[in-house]
Amino acid sequence: MKKLTLALAAALLSVSAWAQTPDTAAILKTIDEQSNFDNIDFSGEFTIVSSKPGEENNISVARLFRRDAKQQFMILILKPEVQKGQGYLKEGDNLWFYDPDSRKFAFSSLKENFNNSDARNSDFNRSNYSKDYKVTKAEAAKLGKFDVWVMELEATNNEVSYPKIKMWVRKDNSLILKTESYSLSGRLMRTAAFPEYTNVDGRFIASKILLINNLKEGEKTQLSAKDLSTKPLPDIFNKNYLERVNR
Amino acid sequence: MVLPKIALKNLGRQKRRTVLLGGAIAFGVMIMFLVSGLSQSMFHAAEQNISQLFSGHLFLIGTEKTASGRYKIMLKNDEILLEAMKKAGVEYNGISRRTTQQRSNIIFGKDNIIVNLSGIDWPKEPELAARLQVTAGDLKNVTGTQGLVIAETVAKKLNVQIHDQVTVQVETSTGQQNVGDLTVEAIFKDPDLFGGSLSAYADIKTVNTLLNLQDGEYTRMGVGLKEPARADELGKKLAAQMEKDGIPLFAKDNFQNLMKAWQEQYWEGTKYSILTINDFVPILVPLYIGIQVFSFFILFVLFLVIMVGIVNTYRMIVYERTKEIGTLRALGMQRSQVRGLFLLEALFLSLGGLVSGVIAATLIALGLGQLNLSNTGLLDVFLNNGRFGFEINPILAVLVFVLVAGLTLLAALFPARRAALMSPAEALRTTL
C-alpha cells in the first residue's frame with residue numbers, strides 16, 4: 001500500500017511538472033508569428049514621448065512602414081516640426097538615416113536609439129526571438145491578473161543587442177506583457193511593459209509600450225500606436241521616396 | 001656699383017617720405033607674415049596635439065566580417081603590418097595599440113554624456129600620461145584597474161569627483177550592449193577639438209572586457225611618424241606595400257565611406273584600412289590652406305593700394321628731380337641708367353620695407369607668445385602648451401619677397417621710364 005501511494009504520488013508529480021513545463025521554442029515562434037507581417041505590408045503612426053529628469057518631455061510622431069518579407073522598413077518623422085522629413089530606411093542589413101536639410105543619407109544602426117529616446121531602431125523591426133534566442137529557464141507565475149510564463153532567454157549569437165532577456169508571456173495567447181533586457185555583464189538595462197495590444201489582420205501589435213531606462217534614474221519613454229493598417233504599400237522602400245517626400 | 005650708391009643716398013635725402021613709403025610696405029608685409037606665421041604654427045600645433053590625443057599620425061584598423069554579414073573592428077597579430085611598414089620605409093618614433101569606442105555612454109545618477117573611450121596600455125604610452133594635464137586625481141591609480149580618466153568637461157557635465165563610481169555603457173565589437181562600473185581616478189584638461197571631442201581613458205584590459213575583446217586584441221594601431229608632414233604620402237606608400245604583400249586592404253577613403261565599405265563588402269579574415277590624422281580632422285588642411293590663401297589675398301589687395309601710393313609718390317619724385325635728371329643726362333648718364341637708378345631706389349625701398357615688416361611681425365609674434373592662454377579651452381588645440389608659436393614658411397617668404405619687390409618695381413616703372421625719356425635740355429630749362 002505504501003509503495004502504491006508513493007508510486008501514485010510520483011506519477012502525479014511528474015504530470016504536474018510536465019504541465020508546468022511549456023514548449024518554450026513554440027512560444028517564441030508564436031510570439032514572432034503573431035507580430036510579424038511576412039506576406040503583407042504594415043504601416044502605423046507612432047507617438048514617442050521621451051521623459052528625462054530636469055528636461056521637458058520630447059514628443060515625436062513618426063509613421064512606420066514595414067515589408068517583413070523583404071526585411072525592409074521605413075520610418076518617416078512627422079513631428080516635431082524641426083525634424084519633419086527626417087527618416088530611416090532599412091534595406092537588407094543597411095540602415096540609412098536621411099536628413100532633408102542636408103539632403104544626405106548617413107549610415108545608421110538598428111542598435112542606435114531612436115530619436116534620443118529609450119526605444120531602439122530595432123524595436124520597429126520584425127520580431128526574431130525564435131532565431132536569436134533560446135529559453136534557458138521557464139516557470140509559471142502571475143503578473144497582475146494574468147497567468148504568465150516567466151522565461152529567461154539567452155542569445156544564440158553575439159550580435160543581438162541584449163545577450164539576456166527575461167520575458168513575461170501570457171499563457172493563454174503568448175503575448176508579451178513585460179521584458180527585462182540585460183547587458184553582456186548581466187546588468188539590467190531596460191524594462192519594457194506592453195499593457196495594450198491591437199489586433200491588426202490577425203497579428204498583434206503592441207499599441208502601448210512603456211520603456212524604462214534602468215541605467216539612468218527617471219528616464220523613460222512611452223510609445224503609442226494608431227492608424228495601424230495592412231493595406232498594400234506602393235514602392236516606397238528606397239532612397240528616392242524619402243527625397244521625393246521632402247521636395 | 002655707382003648707381004646703387006646713388007640710389008641709397010637718394011633714399012636718405014627725403015627721410016620722411018622714405019620712412020612713410022617703406023612703412024606702408026612694411027605694414028603690408030607684417031600683416032601677411034603675422035597671419036601666415038601664426039596660422040602655420042597653429043596648424044602644426046593642432047596636428048601635434050591631435051596626433052598625441054589620437055596617438056599617432058597614421059592609423060591602421062582591422063575589420064572582420066561575421067557570418068551574418070556584420071563587421072567587427074579588431075586587430076591582433078600585427079607583425080605583418082610592422083613588416084609592411086619596414087619595407088615601405090615608414091619610419092616612426094612609436095606605435096600605440098588602443099581599443100577605442102567613439103560613442104560610449106557614461107552615466108552618473110540622472111546625467112549622462114557620450115564620450116570617445118580609449119583603452120590605453122599605460123606603461124607603453126608614457127607620452128600620453130605626460131601630455132594629459134591632470135587637474136585632479138592620479139594617473140597611477142588607473143593601470144590594471146577599473147579606474148577611469150575623464151576630461152574636465154565630462155566631469156562637469158556629470159558632476160562627478162575623484163573616486164566616484166560611474167556606469168559606462170558600450171556596444172561590444174559585435175554590437176551587443178554591455179555595461180560596467182568604473183571609478184573616476186583622474187580628471188584632465190581636455191583641449192576642445194572644434195567642440196566635438198570629449199575623451200575618456202581607461203586601462204586597455206578594462207575596455208577590452210567591456211567590448212568583449214580578448215587580451216592582446218585591440219581596435220586601432222597608431223603610428224607616430226618621424227615626419228608627420230608626410231603622413232598622407234607615407235600612408236600611400238604603406239598601402240602600396242601592403243597590396244604588394246597581398247595583405248587585404250580597403251581603398252583609401254574618408255571614415256564615413258570606409259564604414260560604408262565595411263558594411264557592404266564581403267571578405268574572409270582580417271581586412272585593413274589606413275587612415276591619417278587628416279582623415280580624422282579633415283577640416284584642418286583646407287582651413288590652413290584657406291588661411292594662407294586669404295593672407296596672400298590680403299597682401300595683394302593691400303599692395304594694390306600701396307602701389308597707387310608708390311606710383312603717385314614716384315611721379316612726384318621725378319617731377320621734383322627734373323633738373324637733377326637733366327644734369328645727370330647732360331653729364332653722360334644714359335636713359336637706361338636713369339631708369340635703373342629710380343628702379344633701384346624702389347627696389348631698396350621694398351627690401352627695407354620687407355625686412356622691417358618681417359622684423360615687426362616676428363616681434364609681435366614673440367609678444368603674443370608670452371601670453372599664456374592655456375585656460376581658454378577653445379584655442380588649446382592650436383597652441384603649444386598654451387602659447388602661440390610663429391613659423392615662417394621659407395617658400396612663402398621667397399614668394400612674398402618676389403611679389404612685394406615685383407609690385408614695387410612695377411609701380412615705379414612708369415615714372416622711371418618717364419624720367420629716362422626726358423630730354424636733358426628741357427629738363428635743365430625747367431623752373432622748379
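**Notes on the A/B model: interface, cores and salt bridges**

1. Starting with the join: chain A and chain B share 10 residue pairs in polar contact, both residues at pLDDT 80 or more. A polar contact here is a pair of N or O atoms within 3.5 Å; within protein, one must be able to donate a hydrogen and the other to accept it, and residues adjacent in sequence count only if both atoms are side-chain atoms. On the chain A side, β5 (94-99) and β6 (104-108) each supply at least two of the residues that touch chain B. Helices (H or I, at least four residues) and strands (E, at least two) are DSSP runs, numbered from the N terminus.

2. Before going on, some ground rules. This is a predicted model, where local features need pLDDT of at least 70, side-chain atom pairs count only at pLDDT 80 or more, and totals for chains, interfaces and linings use all residues. Residues are numbered from 1 along each chain as its sequence is written, chains are lettered from A and ligands numbered from 1 in the order in which they are written, and side-chain values use heavy atoms, with hydrogens and water left out.

3. How many residues does each chain bring to the contact? Chain A brings 23 residues and chain B brings 26 residues, with contact meaning heavy atoms within 4.5 Å. The chain A side splits into 10 nonpolar, 6 polar and 7 charged residues.

4. On area: about 2,200 Å² is buried between chain A and chain B, and carbon and sulfur atoms give 51% of that. Buried area is the accessible area (1.4 Å probe) that two parts lose on being put together, summed over both. A:Phe107, A:Glu159 and A:Leu184 supply 26% of what chain A buries against chain B, more than any other three residues.

5. The rule finds 1 salt bridge across this interface. The partners are A:Arg187 and B:Asp181, with the closest N and O atoms 3.1 Å apart. A salt bridge means a side-chain nitrogen of Lys or Arg within 4 Å of a carboxyl oxygen of Asp or Glu. Over all chains, the search turns up 22 salt bridges.

6. Two salt bridges in chain A span a lot of sequence. A:Arg126 pairs with A:Asp38 at 2.6 Å between the closest N and O atoms. These two sit 88 residues apart, A:Arg126 in the loop between β6 and α3 (129-132) and A:Asp38 in the loop between α2 (24-33) and β1 (41-51). The other is A:Glu45 with A:Lys226, at 3.6 Å, N to O. A:Glu45 lies in strand β1 and A:Lys226 in strand β13 (residues 220-229), so this pair ties together parts 181 residues apart in sequence.

7. A:Asp38 counts as partly exposed at 32%. A further bridge joins A:Asp147 and A:Lys142, with the closest N and O atoms 3.0 Å apart; A:Asp147 is partly exposed at 40% and A:Lys142 is exposed at 54%.

8. Over in chain B, B:Arg13, B:Arg321, B:Glu324 and B:Glu345 are linked in a network of salt bridges.

9. Now the cores. The largest nonpolar core has 94 residues, and B:Ile106, B:Leu148 and B:Ile150 touch the most other members. A nonpolar core is a set of buried Ala, Val, Leu, Ile, Met, Phe, Trp, Tyr and Cys residues joined through side-chain atoms within 4.5 Å. Helix α2 (residues 15-54) of chain B gives the most to this core, 13 residues. Beyond four places in sequence, B:Leu148 is in contact with residues including B:Ile106, B:Leu117 and B:Tyr201. A second, separate core of 41 residues includes A:Ile75, A:Ile77, A:Ala206 and A:Ile209.

10. B:Asn208, in helix α6 (residues 204-210), is buried at 3%. B:Lys236, in helix α7 (residues 231-244), is exposed at 63%.

11. Finally, chain A overall: 4 helices and 13 strands, with buried residues making up 47% of its 247 residues.

Conventions:
Ala, Val, Leu, Ile, Met, Phe, Trp, Tyr, Cys and Pro count as nonpolar, Asp, Glu, Lys and Arg as charged, and the others, Gly among them, as polar. Buried means under 20% relative accessible area, exposed over 50%, partly exposed in between (1.4 Å probe, protein chains only).
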